[in-house]
Amino acid sequence: GTTNMTTAINTIDNNALSICQSMKNNGVYVYLLGYSPDGSAAGLPTFMSSCATGQNYAFWFGPGDWTAFNTALNSIADSLVNLWLSK
């Protein structure tokens, strides 16, 4: 609860980043697909740039950029195909 937009955004960013970090600390791979009007991370919520497991786990695309979108999905699919479970 707040009526201040900046406070709300900062709270959401901090909570999301905490959740992302907790998942990564527990061995969960976090993939990120980000859509933005210019196809870059600029203007997206702050936590998104640090949420993914690594640089190769974050993908950005813009309007009509189906090549980038397909590349992202193929990269994620390839990664998951090569994943194996233990325990």
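Predicted model: local features only at pLDDT ≥ 70, side-chain atom pairs only at ≥ 80, totals over all residues.
I started with the length of helix 1 (residues 5-25): at 1.5 Å a residue its 21 residues should span 30 Å, and the end C-alpha atoms are 30 Å apart, so the two agree. For the expected span I took 1.5 Å times one less than the number of residues. Helices here are DSSP runs of H or I with at least four residues, strands are runs of E with at least two, and both are numbered from the N terminus.

Residues are numbered from 1 along each chain as its sequence is written, and side-chain values use heavy atoms, with hydrogens and water left out.

Next I looked up burial (under 20% relative accessible area is buried, over 50% exposed, partly exposed in between; 1.4 Å probe, protein chains only). Asp13, Ala16 and Cys20 of helix 1 are buried. They cover an arc of only 75° around the axis, so they sit on the same side of helix 1; the arc is taken from the directions from the helix axis to the C-beta atoms. Asn14, Ile19 and Asn25 are exposed on the other side.

What do the buried residues of helix 1 pack against? I found helix 2 (48-51), with contact meaning heavy atoms within 4.5 Å.

Then I checked the ends. At the start of helix 1, a side-chain oxygen of Asn4 comes within 3.0 Å of the backbone nitrogen of Thr6. Just after helix 1, Gly27 has a positive phi of about 85°.

Last, the whole protein: I get three helices and two strands, in the order α-β-α-β-α along the sequence.

Key. Polar contact = N/O pair within 3.5 Å; in protein donor to acceptor, adjacent residues only side chain to side chain.
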